[in-house]
Amino acid sequence: MARTLRFSFDFISPYAYLAWTRLHDFAARHRLDLELEPILFAALLNEWGHKGPAEIPPKRTYTFKHVVRLAADQGVPLRPPPAHPFNPLLGLRLAALDLPAMQQRTIIDVLYARVWARGEGITDPQAVATALSTAGLDGRGLVEAAGSDAAKARLKAFTAGAVERGVFGVPTYEIDGEVFWGQDSIPHIERFLRGEDPAGPEVVAQWVDLPAQARRT
């Protein structure tokens, strides 16, 4: 029986884009079923009370340098989007539509390619509809569906579910109840799949139960 790998993502994250370019090959190699979960990263920031990398000036600069280096390592095209941060809601609601798996994958492929491979953005409904139609989908119909109350509710439900499970960033992978954060987590997931994860419950307890002796004010 195949194990399921849940992938939580937001188009706003270049790290989630880099993870997406490797995700399907990884899942196929390990015979994992994929569950794709679009979530609103900004809602995670609000929930856990921290800032996004792009909101801290030196971290913003470093983040963009870092993803350029990672993209070069992976041989993946990377271009800056028209603006960052940007509003990802249209893309997320499209990805959250209740559609067959291959159609959902095509939508996500198209949107990630627009934002990070070609630097064209996904905030303009007409441009997004045209891009989806070019990929053989009903672009206009999908964009209209993404504006429905049902699509908005699905995205909110996905995001709330992720928060409830302790997801705090994107991209996040989950398998067998274990959470792995960041596009560089794949080697750790592979070790987990082999039953060789060094961060077992007994080890983790030694760290999470440490008393706090200082707190920021």
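**Entry 1: Gln104**

I started with Gln104, which counts as buried at 13% relative accessibility. The cut-off for buried is under 20% relative accessible area, so Gln104 falls inside that class. I note at the outset that this is a predicted model.

I then placed Gln104 in the fold. Gln104 sits in helix α5, which runs over residues 101-117. Next I looked up its contacts, leaving aside neighbours within four places in sequence. On that basis Gln104 touches Leu36 and Ala95.

**Entry 2: the second largest pocket**

Which residues lie nearest the centre of the second largest pocket? I found Leu34, Leu36, Ala101, Met102 and Gln104 there, out of 15 lining residues.

I checked which elements supply its lining. β2 (32-38), α4 (89-96), α5 and α8 (149-164) each give at least two residues. The largest share is from α5, with 4 residues. By class, I recorded 9 nonpolar, 2 polar and 4 charged residues in the lining of the second largest pocket.

**Entry 3: Gln183**

I turned to another glutamine. Is Gln183 buried or exposed? Gln183 is buried, because its relative accessible area is 7% and the class takes in values under 20%. I located Gln183 in the loop between β4 (178-181) and α9 (186-193).

Gln183 is in contact with Tyr15, Leu18, Ala19, Arg22, Leu70, Gln74, Pro171 and Tyr173. With Gln74 there is also a polar contact, side chain to side chain, at 3.1 Å.

I took one distance across the chain. Gln183 and Leu137 are 46 residues apart in sequence, and 29 Å separates their C-alpha atoms.

**Entry 4: the largest pocket**

Of its 34 lining residues, Tyr15, Phe41, Gly52, Pro53 and Val170 are the closest to the centre.

The class count for the largest pocket is 19 nonpolar, 9 polar and 6 charged.

Technical notes: Residues numbered from 1 in each chain as written. Predicted model: local features only at pLDDT ≥ 70, side-chain atom pairs only at ≥ 80, totals over all residues. Heavy atoms only, no water. Buried < 20%, exposed > 50% of the residue type's maximum accessible area, 1.4 Å probe, protein only. Contact = heavy atoms within 4.5 Å. Polar contact = N/O pair within 3.5 Å; in protein donor to acceptor, adjacent residues only side chain to side chain. 1 Å grid on protein atoms, 1.4 Å probe; cavity = no way out; pocket = protein on both sides within 12 Å on 5 of 7 lines; lining within 4 Å. Nonpolar A, V, L, I, M, F, W, Y, C, P; charged D, E, K, R; others polar.
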